[in-house]
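Welcome, and please keep your viewer open beside this text. We will go from stop to stop, selecting residues as we go.

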Amino acid sequence: MRKFGKFLSLAILFLVVPLFAQDLASFEKRTEVRKLPNGLTVILCQRHEAPVFSFYTLVDAGSVQDPKGETGLAHMFEHMAFKGTPTIGTKDYAAEKIVLAKIEEVYAEYIRERDRMVNRDPKKIAELEKQWKDLVNEADTYVVRNQFGEIVEENGGVGMNAGTEEDDTVYFYSMPVNRLELWAYLESSRFADPVMREFYKERDVVYEERRMRIDSDPTGRLVEQFVGTAFQASPYRNPGIGWPADLRTFSATDAINFFHKYYTPSNMYIAVVGDLYPDQFWPVVEKYFGQIPSHPKPDERITQEPPQNSERSVALQETAQPLYVEGYHRPSYLSPDDAVYDAITDLMSNGRTSRLYRSLVRDKRIAAIAAGFSGLPGQKYPHLFAFYAVPLPGHTNNEMRDAIHAEIERLKKEDVSDEELQMFKTRARASIIRGLGNNPGLATSLAIMQARYGDWRELFRQLDRIDKVTKADIRRVANETFVESNRTVGIIETAQIPRGAQAGPGQQPPAQ
Amino acid sequence: MMKRTILGALIAYASISVAAAQTAPARQIPPPTSVPQARNEAPQQQAQQNAELSQIKIPKLPPFTPQEPQRIQLANGMVIFLQVDHELPLVGGTMRVRGGATSEPADKTGLISIYGDVWRTGGTKTKTGDQMDDFLEARAAKIESNDGDDSTSLSFDCLKGDFEDVFNLFLDVLHNPEFREDKIGLAKRQMYTVIARRNDDVESIVGREAIRLAYGPGNPYSRIPEYATVNRVTREDMIQWHATHVQPQNIIFGIYGDFDPKAMEARLRKAFDSWPKGKPVTEPVMTFTTALPGIYFVSKDDVNQSSIQMVSLGIKRSNPDYYAVEVMNQILGGGFASRLFETIRSKLGLAYSVGGGVGTAWDRPGISRFAMATKSATTGESVKAMKSELNRMLTDPPNAEEMRRSKDAILNSFIFNFDDKEKVLAERMRYEFYGYPPDFLERYRAGIEKVTVEDVNRVAHKYLHPDQLPTLVVGNPGELGNQLTALGPVKTLDISIPPPPGQPTKTGAAPGR
């Protein structure tokens, strides 16, 4: 069966390559990129399947850009980008503006007093806190709540959301095609002149988000500690959601300063995919988005993580079941070996033929899930290639570690098979094809490729890099990367059995 | 489920977003709109403020007729839908088979979940599942079986050049599954892991306990697998299930992608015409008994946030009130500008994740859920705030502006129900499965257009009952103080996991619920 398989997959290769050439050619015909005079990059991809369109805006600034003492700020601004403008979300902006400015004055004074290290005056702090909260309530009377989102929704917008990652911040939804001009108005004005209204209530909302994702979830708690242990210098060490103390401190002024520094058109990429035609699209885009004021692209440099010289680890004592994670530093996505890491991810983790599944799940019968992947916590800067395994009841983290290490050693010492290498390349092609058939997915890929490689065509050209991966590359990269001194381990250990709550890890499943 | 949770937390660790996953019941059409606080004066004000907005031209949406799939019914009862789509060189199909987990014996809960794995992983008479894995993965193709509450399914997806090879293997899995013991063991071990970990994650606790409160502990939807029930499942059970369910009259098969419909029809007729008809499956009989009003508490001492869910029985989608309920849900909870989102999140800053609505389902009353998560200290306040918003729906019916916005949101986004040929196919298969008319979507549009404020007010009174709702709270007893007892009588739910058969309870007392 295997021999036959190899023969057939070569046949597929011949079948697929021309199809791809044709696809890139077809995309060339219907895709156009323009850089507006203010520096904003816009991509239009025509896809005339139904009278709708989707967009994806990528701002090339994420949590990595959070200023010192203001972790979580990039994400906080993302929330604020839904609060409207001087004309959307207010009953009387002239009056509202004055109160918002007063809030900032009083809040700054309150924080100064609250965080004074000596001679704190509790009475003064309480007074200032009251003043600040009264002003927040006053400002509230001018708000037309959630009007921005409401306009999108009543006009048939769907899938509206945004996300902040370590590397970038993204905004997206889909609309009926007759709302093109409305979309251009909304999306340009939210980034031309956003208003920081309801900031301090939204900050409470974000804190709840932290409680949900990190504080009240054992895996969230582990990953925050694990990433913080693996990185010491790089800003990747900080959680994107922000450390609790910063979430109780940063201000609307901090958020708008962040906006002015990083949300400059030269730092933004918008991809639009759908039932649109260039002669109708570009005049609208130029009219609205051309109004966003321009300034230089901000500095992208960060503190580089120095090489790690000995293994690190973090162990959480939890009431939850055990979990094993380990990570190794690897270079950024621009490394010439990026596709080699993709190959390793695929061979180790993709599906039931993957090495970790076959070893830990199928044959050794010690784990429910085992996999490895790149991109923790981001990809733009040097980051981690991480492995993890979920032990079956009665099995331990040490067994996970040993079994993962055995598979890593195999990767370092033996060449992968021809079939495995070919399977990776075939699957990479098919996965690109499968991503081309829907507007939101295409908009996402085009914007990311344009921002990260300077050319959306990389969506197809990445196949050249994938094709060049050899068995020797995989061994070399595995030997360079997966070494003890470059490793950080994170585990959840089940500390105790709580009162009448859970089955402990020591319990064995029934015999089979 | 567990895979999603843990992988999700790892991969999505650095990815945080403005809106949480919707906690509202599954909706046919995306989120709501409304600004009740500003609604008396807002329209005029906005008209003035948004001169820019009012100048924007909104042309008529170009006419668009979605491509309907071709329906073919074979003499043996099998229904086939063909949806041609030449955009990409792919072919795929899903076969939905009547009968699912709600029909499995209670003492073997988990049977269908295991069957849903092993039907495919257990291989066929002539090929092991591992051999299939090698064959398919080398072609970047998939054949997968899945379990469901009211059905199981077998699907495939491949590059069009591989169709014949993959489809032959698909037929082999359909007709000759072997259910090999090693893969049954693997599936059971996965189930044991899910059982052992089911109290680690708040969402998983809330999800299952809310169903028990809404439908009653005896309802098949409330059952969860235990070590003992999984342990009882045998290969013979799976062979038996397969023989009695996988028959043409129980099957709806949808195929989509890049093919010639005539040739495909001929291929499918060749494959299925000679398959003899069997006996239809019997639907399980169910009762729905919602818990009495009150606070139902689950203690979890490693959280600093309470997860709150109020539940009740919703409606079936064939209910004539369905359209008014959809409009009411749009106004009440789910989207950025709904009443719940606006008050509880934006105005009070009590929650990141909040939403809800009257539940609707195709074949039974849906579960109405009103859900949020808030820090331990504001749990009591949040339960009251949620209840007061539900009451406000009764005392403060939507005005004309709210009605317009919510209906606009549904009608203007209507196109997204059929902007993709595969979506159209999936909808059509659903109507066929549940016995709804093929033009259900058109009727939906017409139904929404007719909804009046009186309708919304009427269904609000008929289905909301804010004072009758059992309220589930999963939270940290050490941080909650007496907030819950201040709300009324509290019943503590015991969620301890019964140990595997033959093993003592290490955790001491584990009384029944």
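This is a predicted model: local features need pLDDT of at least 70, side-chain atom pairs count only at pLDDT 80 or more; totals for chains, interfaces and linings use all residues.

Residues are numbered from 1 along each chain as its sequence is written, chains are lettered from A and ligands numbered from 1 in the order in which they are written, and side-chain values use heavy atoms, with hydrogens and water left out.

**Aromatic rings**

Over all chains there are 65 aromatic pairs. Rings of Phe, Tyr and Trp (its six-membered ring) pair if their centres lie within 6.5 Å; planes under 30 degrees apart are stacked, over 60 edge-to-face, and the rest tilted.

Select A:Tyr56 and A:Phe172: the ring centres are 5.9 Å apart and the planes are at 15°, so this pair is stacked. A:Tyr56 sits in strand 3 (residues 52–59) of chain A and A:Phe172 in strand 5 (residues 169–176) of chain A, so the pair ties together parts 116 residues apart in sequence. Strands here are DSSP runs of E, at least two residues, and helices runs of H or I, at least four, numbered from the N terminus.

A:Tyr56 is buried at 10% relative accessibility, while A:Phe172 is partly exposed at 27%. Buried means under 20% relative accessible area, exposed over 50%, and partly exposed in between (1.4 Å probe, protein chains only).

Next, pick B:Tyr436 and B:Phe440, whose ring centres are 5.1 Å apart with planes at 85°, so they pair edge-to-face. Both are buried. They belong to one aromatic cluster, whose members include B:Trp362, B:Phe414 and B:Phe433.

**Charges over rings**

Stay with B:Phe433: B:Arg98 lies over its face, 4.4 Å from the ring centre. In chain A, A:Arg190 lies over the face of A:Phe82 at 4.5 Å. The criterion is NZ of Lys or CZ of Arg within 6 Å of the ring centre and within 35 degrees of the ring normal.

Which backbone nitrogen does the side chain of A:Glu305 reach at 2.9 Å? Select A:Ala233 to see it. The backbone nitrogen of A:Ser234 lies 2.8 Å from a polar atom of the A:Glu305 side chain.

Finally, go to A:Asp215 in helix 7 (residues 199–215) of chain A. A:Asp215 counts as buried, at 18% relative accessibility. Contacts of A:Asp215 (heavy atoms within 4.5 Å), not counting residues up to four places away in sequence, include B:Asp302 and B:Asn304.

Note on methods:
A polar contact is a pair of N or O atoms within 3.5 Å; within protein, one must be able to donate a hydrogen and the other to accept it, and residues adjacent in sequence count only if both atoms are side-chain atoms.
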